[in-house]
Structure formats: C-alpha cells, structure tokens
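The sequence and structure come first.

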Amino acid sequence: MSSTAGQVIKCKAAVAWEAGKPLVIEEVELAPPQANEVRMKILFTALCHTDVYFWEAKGQTPMFPRIFGHEAGGIVESVGEGVTELKPGDHVLPIFTGECGKCSHCNSEESNLCDTLRINTERGVLLNDGKTRFSKNGKPIYHFLGTSTFSEYTIAHVGCVAKINPAAPLDKVCVLSCGVSTGMGATLNVAKPKKGQSVAVFGLGAVGLAACEGARMAGAGKIIGVDLNPDRFNEAKKFGVTDFVNPKDHDKPVQEVIAEMTNGGVDRAVECTGSFQAMIQAFECVHDGWGVAVLVGVPNKDDAFKTHPLNFLNERTLKGTFFGNYKPRTDIPSQVEKYMKKELELEKFITHSVPFSEINKAFDYMLKGESIRCIIRMDA
Ligand SMILES: NC(=O)c1ccc[n+]([C@@H]2O[C@H](COP(=O)([O-])OP(=O)(O)OC[C@H]3O[C@@H](n4cnc5c(N)ncnc54)[C@H](O)[C@@H]3O)[C@@H](O)[C@H]2O)c1
Ligand SMILES: [Zn+2]
Ligand SMILES: [Zn+2]
C-alpha cells in the first residue's frame with residue numbers, strides 16, 4: 001500500500017484553460033480511484049498530434065479546462081475496488097482505447113473497438129460516475145481520452161492500462177502507448193503488404209514513420225513517403241522510405257504522380273496526416289484490382305470523404321483503424337518485449353526531450369514540423 005492510497009493527491013498538471021493558449025502548470029487535486037480505476041504516477045509522456053487538434057479545437061468540439069496527453073509510461077500508485085490485474089508498483093502504459101475483455105469486440109480476433117472503452121474524444125469524464133477526478137479549487141477539470149497524462153498523477157479505467165515488463169525503460173517504450181503502435185499496426189495488421197509490394201505512406205510524423213517501419217518489416221519493395229514538409233525525407237530514410245513525393249512539387253494530383261511511379265498505383269497506402277484531402281489521395285492512389293488504403297489520421301468533426309464509386313467497383317479497398325488494431329492489454333506488453341529483444345527500434349522516433357515545466361515547447365516543435373516525438377520528463 002502506498003502512503004497516498006485512498007487520499008486526494010495534490011500534484012502538478014499542465015492545464016489547458018482555453019483553446020490554443022499555452023498550457024499552464026497548476027497544482028491540481030486528483031481524487032482516489034473509484035471502482036475499476038487505476039491511479040498512476042506518470043514518469044514520461046509524449047505529445048501526439050491528436051492532443052494538438054483538441055487543444056487547438058479548430059475543427060473539434062471545444063472542452064475546457066482540460067488535461068491533455070495520452071502517450072505515456074508510469075507506475076501504479078493505487079487501484080480502486082475490483083481491480084485485481086494491477087497492483088501498486090506495476091509499470092504500465094495508459095492507452096487511449098481500452099479492452100474490457102468481455103464484449104463482442106474484445107472477443108473478436110478482428111476488432112479492437114471495445115464496446116465500453118473504445119476511444120471517445122468527446123468524453124471529458126470517467127465512466128464510473130460520469131464525473132472528473134481532477135479539480136482545482138473545487139472546479140472540475142476535464143479528462144482527455146480517459147488518460148490525461150500531462151499530469152504527475154492521473155487515473156484511467158483498468159481496461160485502458162497495459163502492464164509491461166518493469167525492466168523496460170519508460171522514457172523509450174512510452175511511444176508504444178500511441179504513435180508507434182498505431183502506425184506500425186496500421187501497416188502490419190490492416191494494410192498487410194506482401195513481400196516486394198509497394199506502399200505509400202501519407203504524412204511522415206511518428207505515426208507515418210512507424211507505418212513506413214511496418215512496411216520495411218513486411219519486406220515491402222518500394223516505400224513512398226508523401227509529405228508537404230521537405231525536411232521529412234532525410235529522417236524518413238531511416239525508416240525504410242525509398243522514394244519521396246512532396247505534393248507541392250507537382251502540378252498534377254499526387255494520385256497521378258504515384259500511379260506513374262508504380263505502374264498504375266501502389267499496392268497499399270496508409271494515410272497518417274489527418275487531412276481529408278490526403279485521405280482521398282491515399283485511396284485513389286492504390287492500384288485497381290487489389291489495392292488497399294488504410295486511414296489513420298484523425299479528421300475534423302465536419303470533414304467528408306468524397307470519391308467516385310467507380311474507384312470501389314474497380315476493386316480497391318478502403319479501411320481505417322484506431323491504434324493499429326492492437327488490443328491494448330493483450331498485444332502491447334509483447335511489443336515492449338520486442339523492443340527489449342532489439343527487434344524494434346524506438347530511439348529513432350525520439351528527436352526531442354523537455355522537462356515538464358517546458359511542455360509548451362513540445363507543442364512548438366510539433367507545430368513547426370521539427371520533432372517526430374518529444375518526450376516530456378515529468379520529474380524535471
Ligand atoms: N487512428 C489512430 O489510432 C491514431 C492514433 C494516433 C494518431 N493519429 C493521427 O495520426 C495523424 C498523425 O499523427 P502524428 O502525431 O504523426 O502527427 P505529425 O504532425 O507528427 O505528422 C503529420 C505529418 O503529416 C504531414 N501532412 C499534413 N498534411 C498533409 C497532406 N495533406 N499531405 C501530406 N502530408 C501531410 C505533416 O507535414 C506532418 O509531417 C494525426 O492525424 C493524428 O491525430 C491517429
Ligand atoms: Zn496519439
Ligand atoms: Zn470490450
């Protein structure tokens with residue numbers, strides 16, 4: 001039992017008070033975990049573009065004040081009633097989409113969209129009582145994705161917490177809690193390229209580069225990276241990218257450019273941008289007859305996907321995925337083991353690191369397109 005179990009914890013959290021305004025490090029109060037909840041000390045967290053969209057709240061429903069953050073690693077501080085699978089001291093990765101282990105999705109080999117705990121960007125409270133556990137001076141502060149890891153301590157549902165090897169360095173494996181698993185899984189579990197096939201990846205941030213890495217692991221022949229930021233190409237070579245296309249360099253649609261490079265279209269495409277135009281391009285650049293496109297980017301609330309139905313009749317397939325179809329509690333511990341056995345390289349995704357007090361710098365790096373992943377050190 002930790003000395004804080006059952007008590008309110010006062011800790012530092014980076015609170016987003018308003019859309020697009022710098023986060024403010026505040027002392028907040030975090031209530032004890034309720035039934036089926038886990039309270040964790042976060043040691044390392046990273047910034048993913050999904051945090052940025054909901055912080056900017058340009059194409060999304062605004063909900064403030066809120067504590068963002070969903071890519072992280074930590075240690076269990078205490079558990080609520082009914083939690084038997086985790087205990088204080090366990091090393092964990094909180095995950096934005098959960099696994100209850102009981103519903104039809106959790107029992108299906110094909111789905112990771114748990115009925116109860118699947119990603120919900122619009123919910124700012126926890127499920128047990130529909131309230132927040134965070135507050136400041138009695139005023140509630142909303143959760144984000146059920147994880148809110150931009151805080152020294154946080155609470156998540158036990159189904160959203162993966163227990164991992166305690167020997168794994170949390171400052172590295174924390175990137176498996178969203179970006180790297182999502183991109184890699186999108187290629188390996190959903191697009192499933194065959195050896196020698198061509199793969200186009202739209203968006204070369206951490207998610208897209210992980211999708212490239214997945215393509216490299218699957219033995220893809222040509223890996224075409226598509227990004228509007230020309231600086232991405234050099235970095236992308238480390239992830240197996242063989243060719244680079246910047247849509248800004250061409251007068252014709254990028255679909256046509258890719259068709260010319262690949263004798264009619266790529267075998268697989270993975271979209272990791274969040275731009276609906278890129279989603280349409282990713283679908284329309286796959287080869288007729290067998291091409292498969294997978295959407296990963298998070299769109300704006302009012303986006304629509306428009307393409308001619310003939311693109312489907314011509315035997316192209318369009319899919320989408322959250323978290324690369326991995327089941328968080330079942331599959332993520334083994335991804336951590338792959339890193340421990342050096343079968344998976346995570347260091348190359350981590351380009352920056354900042355102390356918690358400078359968390360706003362992580363936003364600047366991402367918005368300027370300078371970082372792949374920036375690790376935020378909670379104890380600094
Ligand atoms: N489905 C999921 O489970 C899941 C999980 C994590 C992240 N995401 C989403 O994946 C996307 C990528 O996340 P990230 O953290 O790697 O972001 P990032 O900002 O690091 O990378 C995105 C890249 O896409 C490029 N880009 C933007 N618009 C483009 C366009 N029209 N054409 C080509 N390139 C374009 C940017 O220049 C940038 O390099 C985001 O939309 C994020 O919300 C989805
Ligand atoms: Zn994410
Ligand atoms: Zn379930």
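**The open sheet and the zinc site**

Strand 1 pairs with strand 2 (residues 24-30) in the antiparallel sense, over seven bridges. Strands here are DSSP runs (E, at least two residues), helices are DSSP runs (H or I, at least four), and both are numbered from the N terminus; two strands pair if DSSP finds at least two bridges between them. This is a predicted model, in which local features need pLDDT of at least 70 and side-chain atom pairs count only at pLDDT 80 or more, while totals for chains, interfaces and linings use all residues. Residues are numbered from 1 along each chain as its sequence is written, chains are lettered from A and ligands numbered from 1 in the order in which they are written, and side-chain values use heavy atoms, with hydrogens and water left out.

- Four strands make up an open sheet with antiparallel pairing, in the order 1-2-6-7.
- Strand 1 (9-15) and strand 7 (139-141) are at the edges and have a single partner strand each, so one side of each lacks a neighbour in the sheet.
- On average, neighbouring strands of this sheet are turned by 50 degrees against each other, direction ignored; the axes are lines fitted to C-alpha atoms, and angles run from 0 to 180 degrees between N-to-C directions.
- Val15 has Val24 in strand 2 as its bridge partner.
- Strand 2 also pairs with strand 6 (residues 134-136), in the antiparallel sense and over two bridges.
- Opposite Glu29 stands Ser135 in strand 6.

**Zinc site**

- Cys48 (SG), His70 (NE2) and Cys178 (SG) coordinate the zinc ion (ligand 2) at 2.0 to 2.3 Å.
- Donors are N, O and S atoms within 2.8 Å of the metal (3.2 Å for Na, K and Ca); water is not among the atoms, so sites may look incomplete.
- Along the chain, the donors of the zinc ion (ligand 2) have the spacing C-x21-H-x107-C.
- His70 is buried (under 20% relative accessible area; exposed is over 50%, partly exposed in between; 1.4 Å probe, protein chains only), at 1% relative accessibility.
- Cys178 is also buried, at 5%.
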